[in-house]
Every structure is written in C-alpha cells, then in structure tokens.
Amino acid sequence: MIFLAKLGIGVLGTALVGGAALSSEGFIYVNVQEKHPGGTHVHVFVPAALVPTALHFVPRHNFADSAHDMRDALPIIDAAIPALNECPDGVLVEVKDPGEHVLVTKRGGSIIVDVNDPDETVHVSVPLMAAQSAIHQIAEASLTD
C-alpha cells in the first residue's frame, strides 16, 4: 500500500513539473471564426514551449526565403522585443477601414492581434519571448543545411 502511495506521489509530481515546464513560456492562443452560415471555428490553445519542437518537423527548404530575410532583421527584432516587454500594456496599432478593424495590442508579455472583417473574426495571442525564440530558430534554419 505504501508503495502505491509513493508511486502515485511520484506520478503526480512528474505531471506537475512537466506541466510547469510546458507552461513556463506562456501559451499561444488562436481563435478564428468564419462568419458565414456553417463557417468553421478554429480554437487552438498551445503551450509556447512546444513551438521549437514543432519547428524541427518543418522541412528546412520551407524556411529558405524567410530565413534569409529574418537574419537581416535579427538585430532589430532583438532590440524591439525586450523593449516591448518593458513598455506598458496598451494599443500598438489600430486600423479601421469600412467593414474591417485590426487591433494590435501588448498585454503582459504577449502581443495580441484582433482582426474583424466581413468574412471572419481572428484573435491571436503570442508570448513575446516565444516569438523571439521562433524567429531565431527560423533565421538559423538555413545555416544548418
């Protein structure tokens, strides 16, 4: 009986530590709702720590053009993301056109993009540090070939 209790505590502890590690970088949240009847609704909530692993499964040739362009912009990105992390929360960009509204905000350590147009509503939230890590991984992808 004591063995089962110890085993249960070990499994619970491992699950808690694993959950904490996965959520340490925050979460990426994507919500897309098509507005037409029978439209698709996509709702994804993923730990940002999984992005580097997922990027390893993307064939490197898919990053070729992006990697070259991103490498040139890395110094700007590396300066901008820590500065965004330090700035107060609020609206960064807002675009209003007839029938369309785009809002880019910073909240906590995340960038949030909301798009509302006649066809769909889109909400994406990405932690800044996860975005920086993914950008570096993509930029370095073509260097490893």
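Reader: How many residues does helix α4 have, and what is its reach from first C-alpha to last?

Author: Happy to start there, keeping in mind that this is a predicted model. Helix α4 spans residues 128–139 and has twelve residues. Its reach from the first C-alpha to the last is 16 Å, close to the 16 Å expected at 1.5 Å a residue.

Reader: Which residues in α4 are buried?

Author: Begin with the general idea: an α-helix has 3.6 residues a turn, so residues three or four places apart point the same way. In α4, the buried residues are Leu128, Ala130, Gln132, Ala134, Gln137, Ile138 and Ala139.

Reader: Now for charged pairs. How many salt bridges are there?

Author: In general, side chains of opposite charge can pair when their charged atoms come close. Here the count comes to two salt bridges. One of them joins Lys106 and Asp89, whose closest N and O atoms are 3.2 Å apart.

Reader: Which parts does the pair of Lys106 and Asp89 tie together?

Author: Lys106 lies in strand β4 (residues 100–107), while Asp89 is in the loop between α3 (64–86) and β3 (90–97), so the pair ties together parts that are 17 residues apart in sequence.

Reader: Is Lys106 buried or exposed?

Author: Lys106 has a relative accessible area of 4%, and because buried means under 20%, Lys106 is buried.

Reader: Which side chains meet in a salt bridge at 3.9 Å, N to O?

Author: Those of Lys96 and Glu94. Lys96 counts as exposed, with 61% relative accessibility, whereas Glu94 is partly exposed at 43%.

Reader: Let's turn to the nonpolar surface. Which residues form a nonpolar patch there?

Author: Look at Met1, Phe3 and Leu4, which together have about 440 Å² of accessible area. Leu4 belongs to helix α1 (residues 2–23). With a relative accessible area of 54%, Leu4 is exposed.

Reader: Which residues is Asn31 in contact with, leaving aside its neighbours within four places in sequence?

Author: With those neighbours set aside, Asn31 is in contact with His41, Val42 and His43, and also with Thr121, Val122 and His123.

Key
Residues are numbered from 1 along each chain as its sequence is written. This is a predicted model: local features need pLDDT of at least 70, side-chain atom pairs count only at pLDDT 80 or more; totals for chains, interfaces and linings use all residues. Side-chain values use heavy atoms; hydrogens and water are left out. Contact means heavy atoms within 4.5 Å. Patches are made of residues with over 30% relative accessible area and no salt bridge: like charges are joined within 9 Å, nonpolar side chains (Val, Leu, Ile, Met, Phe, Trp, Tyr) within 5 Å. Accessible areas come from the Shrake-Rupley method with a 1.4 Å probe; for residues, only the protein chains shown count as cover. A salt bridge is a side-chain nitrogen of Lys or Arg within 4 Å of a carboxyl oxygen of Asp or Glu. Helices (H or I, at least four residues) and strands (E, at least two) are DSSP runs, numbered from the N terminus. Buried means under 20% relative accessible area, exposed over 50%, partly exposed in between (1.4 Å probe, protein chains only). The expected span of a helix is 1.5 Å times one less than its number of residues.
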